[in-house]
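Here is a short note for someone opening this model for the first time. Please keep the view open while reading the points below.

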Amino acid sequence: MAFIKAKNLIHQFIRRNEQGEVTGTVTALDGVDLDVQEGQFIAIIGHNGSGKSTFAKHLNVLLSPTEGSLWVDGKDVTDETNTWEIRQSAGMIFQNPDNQIVAGVVEEDVAFGPENLGVPAEEIWTRVAQSLEATGMSAYRYHSPNRLSGGQKQRVAIAGVVAMKPKCIIMDEATAMLDPNGREEVLKTVHRLNREEGVTIILITHDMEEAAGADHIFVMDHGRIAMQGTPVEIFAREEALQQYGLDVPQMTRLANELRAEGMDLPEAVLSCEELADAICKQVKKESVDSGDRSETGEAAVEDIQWISQPAEKDGGDDVQWIPAEEAGTIAVMDQEKEKQEAGKSRISLEHVSYIYGEGTSYEVQALTDVSLEIHEGEFIGLIGHTGSGKSTLIQLLNGLLRTDRGKICYEGQDIYAPGFSMRTLRGQVGLVFQYPEYQLFETTVLKDVAYGPKNQGLRAEDSLEKAKEALLLAGLPEECWELSPFELSGGQKRRAAIAGVLAMTPSVLILDEPAAGLDPRGRKALFSLIRDLHEQMHMTVIMVSHSMEDVAEYVERIIVLNHGGVMLDGTPGEVFSYTDTLKEASLNVPRVTELMAGLRERGIPVDPSVTTISEAKKEIRKLC
């Protein structure tokens, strides 16, 4: 029997004006037919606005169908007497954890659900301990959720649903704000619940790698089911997915591009392991065919550890990769090494520390003795595990937080010195928050974007002109300008938030998880915008991200924070060569770099500094 059965499911949102009059309707679900068997692991993917979240809210009876039918665990969702039982059966985890955290202490929040279900007290605390352990949050059991980072809050929200032991867990972009290690832990937990306890999992995601681990995938487009099948069946249709604003896993895309250039590789490769095996097989086959092989028939170079050292070129700043045996010793990255200046100093930090709740029982050391130099025109990626201090650091750069430990200078001026204007600083160092809706507040998009320049002292007419220029620069179409900011899609909200910062003509743009929750097409468009701003306007960009692939693709310099301190600082090739160090810090390397490591383990001598698909293609094509 199907655990979830939807038949011709339709949902329409009614639009009203400020007077409450109906101005129209928006069809979010348009005849959805879908069956999910008990114990299945289902992924639902689709572009922003495709109807995924609307469908998910029906499963938990947060919304009711306009037309059609939906049954969950054998119960009709339109029958109000079934609501309580359905919500016991289907636990919901939202993208934004602030929407479901209700208590003042972490353990009490996790206990809230089981307590409302009438679970005995002793069993509740057993479940709380198990759920916090499963999500890696045991150390924060007695903390206030308000003192946690966004990623930590998300783990608490997930723990709260896991503790209820529902028959079905619905995850609406629930891992979008987690660091790589946190995402892996959460996915392992839900896979284990699915495998060992038969819990039905509905995973709504824009991460194609996550979707690849499902039993079955549904693709939504404009409120309808456009495609469905196994991961292999779905990801074999790359062109069709791109038409729906989606993509394929990174290894699938690399394999497709290599196959298009003549390599004999299987279709719908989904993982690094699969692709490494396939490439290794072809390289060895071609080596045998050409007679170029060792006595054992294996590749000539096996189990080599590679390290970087300065190349013998003018300036000595280039890097070459050589086997560790030739160097005699493995170099350790010097955190204080001098870098060639990209331009004049924009922001400098000298021995900066920050403590939340100092002197209270909630005291947390967020940053410890951080010293950094950020130059004009740099594109910097700021990465680190959840709670490493990233958000604290960028708020210090913008003057939203203040510390009396250490010194912060903007263009050589101490920002804490008497007479320094924080208003000027915030106009020059623009910050786009993790959740853009937190900084959108006006009645229309145009007024919202014009607020910044108006607050800087410009006349109303000039502020509107600045706003229009910024909206065009941010790529937000004119038909959106008179809408409420809260009518926009997730990607449009980010563009509006970026436009609001650009309207103040900053010299530094800081983005906190700018692409979280966006579909692949939206991510590409947003990163294209950010890259253009950096290249054309010579703007300094600092991007906080948990996506190692995005960081590898776009930034020039990576700063790694670990437990409030700077652990690594260098180019993507340099930083991602420290695989074990990054894993110890709950991070990872890009999947392409992981592929290179897998090939070296199989005896294929490839450059370990490769971090992007374009670099990987060149490196692999050298082999065959």
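1. Start with one pair. This is a predicted model. Leu-382 has Val-544, in strand E20, as its bridge partner. The two strands involved are E15 (residues 379-384) and E20 (residues 540-544), which pair in the parallel sense. Four bridges join E15 and E20.

2. Now widen the view to the sheet. Six strands make up an open sheet with mixed pairing. Their order is E18-E19-E20-E15-E21-E22. Strands E18 (429-432) and E22 (565-570) stand at the edges. Each has a single partner strand, so one side of each is left without a neighbour in the sheet. From one strand to the next, the twist averages 20°.

3. Next, the helices on the sheet. Helix H13 (residues 390-397) packs on the sheet and touches E15, E18, E19 (508-512), E20 and E21 (557-562). The direction of H13 makes about 140° with that of E15. Helix H17 (residues 490-502) also packs on the sheet, touching E18 and E19. The direction of H17 makes about 165° with that of E18.

4. Which residues have the most contacts inside the largest nonpolar core? They are Val-449, Leu-471, Ile-558, Val-560, Phe-576 and Leu-582, in a core of 51 residues. Helix H17 gives the largest share of this core, six residues.

5. Finally, look closely at Ile-558. Leaving out residues up to four places away in sequence, Ile-558 touches Gly-381, Ile-383, Val-551, Leu-568, Asp-569, Gly-570, Pro-572, Val-575 and Phe-576. Phe-576 is also listed among the residues with the most contacts inside the core.

Methods. Residues are numbered from 1 along each chain as its sequence is written. This is a predicted model: local features need pLDDT of at least 70, side-chain atom pairs count only at pLDDT 80 or more; totals for chains, interfaces and linings use all residues. Side-chain values use heavy atoms; hydrogens and water are left out. Two strands pair if DSSP finds at least two bridges between them. Axes are lines fitted to C-alpha atoms, for helices over the stretch in contact, and angles run from 0 to 180 degrees between N-to-C directions. Contact means heavy atoms within 4.5 Å. A nonpolar core is a set of buried Ala, Val, Leu, Ile, Met, Phe, Trp, Tyr and Cys residues joined through side-chain atoms within 4.5 Å. Buried means under 20% relative accessible area, exposed over 50%, partly exposed in between (1.4 Å probe, protein chains only).
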